[in-house]
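Biologist: I'm new to this one and would like to learn how to read a pair of packed helices. Could you put it on screen and walk me through?

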Amino acid sequence: MNEIDKGFEFFYKNLSSRRKFIRTIWIMLIGILVYTFALLTCEDKGLILVFVILSLVVGIWQLFTTYHKWKNEEKLNNRNNSI
């Protein structure tokens with residue numbers, strides 16, 4: 001499958017590892033804004049805090065894995081280009 005590294009791509013699975021990493025950062029920033037708004041406006045803050053903590057753990061894990069996949073693919077491409 002051809003991975004998209006330039007331009008717009010709606011589907012996450014079609015993106016390159018670099019673009020997946022970048023999209024994950026954007027989604028996490030938007031999530032922080034949404035959760036901040038929810039914490040300021042909702043009365044049941046306990047449930048929202050659970051979602052915030054769970055989202056942060058999953059988001060950080062996803063950032064870690066996509067970053068390492070991106071860097072491993074970069075190393076593999078550099079090795080193939082140097083041969």
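Modeller: Helices H1 and H2 pack at an angle of about 170 degrees, and their axes lie 9 Å apart. That makes H1 roughly antiparallel to H2, a label used for angles over 145 degrees. Axes here are lines fitted to C-alpha atoms, for helices over the stretch in contact, with angles from 0 to 180 degrees between N-to-C directions. Their crossing is left-handed, meaning the near helix is turned anticlockwise from the far one by less than a right angle.

Biologist: Before I go on, what am I looking at?

Modeller: This is a predicted model, where local features need pLDDT of at least 70, side-chain atom pairs count only at pLDDT 80 or more, and totals for chains, interfaces and linings use all residues. Residues are numbered from 1 along each chain as its sequence is written, and side-chain values use heavy atoms, leaving out hydrogens and water.

Biologist: How far does H1 reach from its first C-alpha to its last?

Modeller: Helices are DSSP runs of H or I, at least four residues, numbered from the N terminus. H1 covers residues 17–41, 25 residues in all, and reaches 36 Å, close to the 36 Å expected at 1.5 Å a residue. The expected span is 1.5 Å times one less than the number of residues.

Biologist: Which residues of H1 are buried?

Modeller: Buried means under 20% relative accessible area, exposed over 50%, and partly exposed in between, with a 1.4 Å probe and protein chains only. The buried ones in H1 are Ser17, Arg19, Lys20, Phe21, Thr24, Met28, Gly31 and Ala38. Helix H2 (45–82) is part of what covers them.

Biologist: What is Ser17 in contact with, leaving aside its neighbours within four places in sequence?

Modeller: Contact means heavy atoms within 4.5 Å. Ser17 touches Glu3, Thr66, Lys69, Trp70 and Glu73, and its relative accessible area is 3%, so it is buried.

Notes: Helix = DSSP H or I, 4+ residues; strand = E, 2+ residues; numbered from the N terminus. Parallel < 35°, antiparallel > 145°, perpendicular 65-115°, else oblique.
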